[in-house]
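Have a look at the model first, then read on.

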Amino acid sequence: MAAVRRSGTMATTLAAVLLVTTACGPDTARHRADLRVGYDSRDGDLEVWPARGSLVGDAAATSSITEAVRDWRSPIDDRAHMPTSGILYSGEVDGARLALVAADVPGEAASWLLQLRADDAGYRVERATEYTDSGYLVYADVLPVHTPDGRRYFTSERVTRLLGPNGRALDETEGLTEPVDVPECAAVPVTATLRATASLPRGRAADRLLDLGTATSDPRYPLVRDEGGSGRRALTGLDTCALADEKGPFGSIPRRIGDRDAPRSVPESWPIKKLTARSLGEVSLGGGDRGKLEQLSWDTDAGTMTSVVYRPAGEDAPVVSRADRANPLQLYELPVPGQPLVVLSWQDTRDSMLSVPPGTPRLVDRAGLAVIPQPSGRETFSLAEPEKTYYRSVGGR
């Protein structure tokens, strides 16, 4: 009898374990489900990102796209969350199959736009661009698409017209525009007209963006908001490839994940919006013609960043510094060929005073601005204000 009771108990326990496993274990069917076709984003009654393209009803294409997205990993090895991601576009472009996927990645305050192409082996992710502003794909209206025949743009249902860099309205089919001539390393404007919606009752005649160029590398997102057109003016004549370099202002502050740098992620200094430039004055180097010194400022998801630009007289290329986070005392190392400089900038008041090491020559010395030769060793500068003194150092380790 005891043996029988133990056997019965074991059977009951096994049944309970099976019941718990069945009820609380992973939902295999849901985990393996295909990506949704379309993306969950509405503006009142308007579906902002409906599924578009000639292959949105092709189950085999959807399944192949899903498998490719399931295999994809972000630069820090995270994967897309399938139930909340969605296929924005699935169709044929110039004889090749193209898919665009809005990918949600748990644990990252970011939106990913995945671009896939198909070959004989199925779909593969060929480009993955990240927008570090959380929820961007919910309210964005223009997404960049890189194709062999040039830049295209994919537009939301809010867009009624899109003007390319030359000011001409672009033709589009199911939200995807014709190819656009965008340079590799120069910023050009793109302007959308938005219909009236619940969030924008009067619509918007000119929603301005800057495309930073087709050489912008993944995962950097090449479109920057430029509502007042100040960014276009600020970047006139500047090489955006140099700006995006790891020694340039847009690429020089790496993203930190945990306690280490993440060089394959979007830099913390990457611009999102509010690019502006203000004149710091003129400076003459080596007795030559006077060049112009400007301060760039822009917003990122990590805060406001600044840098300086030296525009020499004549035909020499402008020189840019690395980025500096917004500080009461801004310090920039400006790698002018043959005469590297340090530029110090601050908001001058009657009670503020800049101190530099004794004997330091000042090429420019005026309210709110000092320019000195790059020191050979470590030097520290200070800005004294009534409530606090700020210190910045340069050189050495």
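Trp49 is buried, and Phe154 is too (buried is under 20% relative accessible area, exposed over 50%, partly exposed in between, with a 1.4 Å probe and protein chains only). Bear in mind that this is a predicted model, where local features need pLDDT of at least 70 and side-chain atom pairs count only at pLDDT 80 or more, while totals for chains, interfaces and linings use all residues. Residues are numbered from 1 along each chain as its sequence is written, and side-chain values use heavy atoms, with hydrogens and water left out.

**The ring cluster**

- Rings of Phe, Tyr and Trp (its six-membered ring) pair if their centres lie within 6.5 Å; planes under 30 degrees apart are stacked, over 60 edge-to-face, and the rest tilted.
- That rule gives 6 aromatic pairs.
- Trp49 and Phe154 count as stacked because their ring centres are 5.5 Å apart and their planes sit at 25°.
- This pair links distant parts of the chain, 105 residues apart: Trp49 is in the loop between strand E3 (46-47) and helix H3 (59-71), and Phe154 is in strand E9 (residues 150-155).
- Helices (H or I, at least four residues) and strands (E, at least two) are DSSP runs, numbered from the N terminus.
- Phe154 also pairs edge-to-face with Tyr89, at 5.7 Å centre to centre and 75° between the planes.
- Tyr89 lies in strand E4 (residues 86-93) and Phe154 in strand E9, so their pair ties together parts 65 residues apart in sequence.
- Tyr89 is buried at 6% relative accessible area, and Phe154 is buried at 0%.
- Put together, ring pairs join Trp49, Tyr89 and Phe154 into a cluster.

**Two arginines**

- Arg220 has its charged end over the ring of Trp270, 5.7 Å from the ring centre (the rule: NZ of Lys or CZ of Arg within 6 Å of the ring centre and within 35 degrees of the ring normal).
- Arg117 belongs to strand E6 (residues 111-119) and counts as buried, at 9% relative accessibility.
- Leaving aside neighbours within four places in sequence, Arg117 is in contact (heavy atoms within 4.5 Å) with residues including Val93, Leu98, Tyr123, Glu126 and Pro148.

**The whole protein**

- The protein has 6 helices and 29 strands.
- Of its 397 residues, 47% count as buried.
- Among contacts with a separation of 6 or more, 52% come from residues 24 or more positions apart.
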